[in-house]
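Keep the viewer open as you read.

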Amino acid sequence: MKAIIMAGGFGTRLRPLTCQIPKPMVPMVNRPMMEHIIMLLKEHQITEMAALLFHQAESISDYFGDGSNFGVRIDYLRPDADYGTAGAVGMARELLKEPFIVISGDLLTDFDLGGIISFHNQKKALATITLTRVANPLEYGIVITDRDDRISRFLEKPTWGQVFSDTINTGIYVFQPEIFDLIPHKKEFDFSQDLFPLILSQKKPLYGCITNGYWRDIGNITEYRQAHLDALKGEVRVDIEGDRLNLIGKDIWVGKGSNINAKNSRLTGAVIMGRNVTIGQGTHLHDVVIGDDCHIGQDAFVEHSIIWSGCQIGDKARIEEAIVCDGVEIGSQAVIEQHAILSSQVKIGSQARVSANVKVWPGKSVDDQAVLTSSLIWGDRWFKEFFAGPRVTGLANMEMTPEFAAKLGAAYGALLGKGSVVLTSRDSHPVSRMINRAVISGLLSAGVKVHELRALPIPIVRYQLKTGGDQGGLHTRKSPFDPKMVDIIFFDKDGKDLPAGKIKNLERMFLREDFSRAEPEDTGVIEFPHRVMEGYREGLLSYIDTQAIREAKYKVVIDYAYGAAAGIFPSILGELGIEVVALNAFENPEKLTKTGEDFVAAQQRLSQMVQSIKADVGFLLDSGAERVFLVDEQGKIMDEDQALAAVSLLVMKSRTVKELAVPVTASRAIEEMAQKYQVKVKRSRIDNRSLIEEAAGENVAFVASRRGGYIFPEFQPAFDAMLSITKILELMALTGSKLGSITSEIPMSHMVKKNIPCPWSKKGLVLRTLMEQTKDHPEKQFIDGIKLFYGRDWVQVLPDPNRELFHINAEADDQNRAQELVDEYTRKIEECLR
């Protein structure tokens, strides 16, 4: 058995640790991460291996040489381009004429590799994926196996709605050499995206070996810290160099040539010292790893920290929960606070203070008595909790500060490139104006030209992007749900949400913190485009049948919700001969956010007004003019399911569409009505990005969301409340129908919905258990969550992507039957959580 070590990663999310060394060379318990992998392979009698290198290749090959110093033989392969994970392994086809194992050089594990290989041989597999179970599976590929351990389903880095198990792909594989028949030569080819789906489609033997033991992907700073903490606690078997002292209640490892001045020194918890370390008297060390050739002065205090080699720490210095890279000098009485990172060759002066979460880049100096602070107060937590699709959200002036916004703008500008043009807009709130201006400053610093639209509704921004030729856009708004939060929403050049790949690149660019800035003469400029609102107005009026609406002579009530649509939509409605009673038709920055109670009260006021003036219909916009909520001609408030079905039926009755898309949670009535009107129905995941992607389908002419969002892709593939209102009026006129009367044509059914609290750490377990319990269920669907059909009835278990809960939805002919389904799956979830 030979091994392939994947060692070509850039380690962007580990910066600044990886500024000067590649990710596999980052120290883990005083050895490069890749050295731990080599020792694990050697432990299982795998001594012939090849390392696939790409980034800073010489750093790895110079350290390991031919492998003889480590008791193994290492060959090196350097692909001349990025061929993807499987494509890179394909470069080794001439070296591998026998079964081989593939393992990453930048993870920490103590798996029984011999047991995995035996499993592979026993199953006579073409490929075996090593699996393990984790609390949060979102960052990994999720795998389901059948009773014989054969893989039946595979999904790479899902959303919560796609999670169907907590069993994940660890990136450790065993292959037969025949696997190269499926890997094209010198073409980009990925294990998860290409090779494994191909094996499944050809029904070749692909197995999953669920393995116990320790495994952690060292993908970011948080995982790096946690891996060290686990090593200090003894939760992972690693080879620690040095002698273990026989001290009761303590776990102290001392490398060769190290010297501890025992006078008044306190070493508690676990302490790992490399070679030639000197510890001054009176020093306190608790749960720390210290690299080779370090000196720690007298009366110093170091806890929960990782110190790389060659560091000099002065007397009475204080370091807590920090990472200190190689060659750092810390002066006497200096303070390094929690989660700070000092990169290689940094110098911190005496009595200086580095504040919590600050990252100091290589070779920088901090003067004596200086205080170094940073506006980025969350560190790596930001991108786990605040990037929600294309949106960044933070507490105004606490998390979402001008400093942060400027940096985010500079990162976005660097991503797009100097000379690009970005469209910016905002709502009318002062905090949105402030953050928007800060983002613009960052964009200008990257050499990007800014087309500033100021306060405009989001649909107009999307429409301008689609027609104006800008390379990207963003909108800053006060959160419509939380008055203390601010959102920055990023758009692609076609007006759609910024796709996941570009969001990931933006994240990496932001975390690198060393993106280039423009020279003074290349600084970007701000321009204010003309006729943006006029262009949108003309486009919308040319898209709809204005004559049909004029002839209908509708009387409508519209609540503008104090949003920016009040500045443009009246001029559009004025062209349609509609009698309009307008509510809240002016911008009020203090009322852009609505609580649940505010929303219900607004619906009730709209209902009362529709009834009192005998209007034909009532519309309530959200403040961003993306969604619209309906009241029928009788003043009845239409819930989300009724509105979705009614508007869909209007679209079908117009006989202008052949295909439409609705979320997987929508009523079965959609298909039943579509069959009558010969319309094809596509089911989508419930998130906005998925629905917008469905709108880009070749034949899809209408898309509806769960909560008041409608898309007519021919005009623009995005939610647009102003377009939706005019289109609904057009459809009412063309079909001679009103919303109240049309509901009688919707097939009757009963839907029951319930939310079940569930901690993040248990979601994967719940979904895996449900999958196992329903393995033999005859009809299932995995578009979003798990949906099970019982004849015409169905029940769906859907994990919420942003909150610690599950949604259980059920539909049946009978209310009691729908409630029974919800109760049954509530019990199943609660049993999992006990």
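Predicted model: local features only at pLDDT ≥ 70, side-chain atom pairs only at ≥ 80, totals over all residues.

Start with strand 42 (residues 617-621) and strand 43, which pair in the antiparallel sense over 4 bridges; two strands pair here if DSSP finds at least two bridges between them. Helices (H or I, at least four residues) and strands (E, at least two) are DSSP runs, numbered from the N terminus. Residues are numbered from 1 along each chain as its sequence is written, and side-chain values use heavy atoms, with hydrogens and water left out.

Axes are lines fitted to C-alpha atoms, for helices over the stretch in contact, and angles run from 0 to 180 degrees between N-to-C directions.

Now follow L630. Skipping neighbours within four places in sequence, L630 is in contact (heavy atoms within 4.5 Å) with residues including F619, V647, Y710 and I728. L630 is also one of the residues with the most contacts inside the largest nonpolar core, which has 72 residues; Y536, F619 and I670 are others among them. Such a core is a set of buried Ala, Val, Leu, Ile, Met, Phe, Trp, Tyr and Cys residues joined through side-chain atoms within 4.5 Å, where buried means under 20% relative accessible area, exposed over 50% and partly exposed in between (1.4 Å probe, protein chains only). Helix 16 (residues 640-653) supplies the largest share of this core, 9 residues.

What does helix 16 pack against? The axes of helix 16 and helix 17 come within 10 Å and cross at roughly 10°. That makes the two helices roughly parallel, since angles under 35 degrees count as roughly parallel, over 145 as roughly antiparallel, 65 to 115 as roughly perpendicular and the rest as oblique. Helix 16 brings L644, A645, S648, L649, M652 and K653 to the contact, and helix 17 brings I670, M673, A674 and Y677.

A second open sheet has 4 strands in the order 45-44-46-47, again with mixed pairing. Strand 45 (680-684) and strand 47 (710-711) stand at its edges with a single partner strand each, so one side of each lacks a neighbour in the sheet. Helix 17 (residues 669-677) packs on this sheet, touching strand 44 and strand 45, and its direction makes about 160° with that of strand 45. Inside the sheet, strand 44 (residues 659-663) and strand 46 (residues 700-704) run parallel, joined by 3 bridges.

Finally, jump back to strand 19 (residues 284-290): 6 of its 7 residues are buried, so the rest of the structure largely encloses this strand. Strand 19 runs parallel to strand 17 (residues 266-273), with 6 bridges, and I272 stands opposite V289. Another 6 bridges join strand 19 to strand 21 (residues 301-307), also parallel, with I290 opposite I307.
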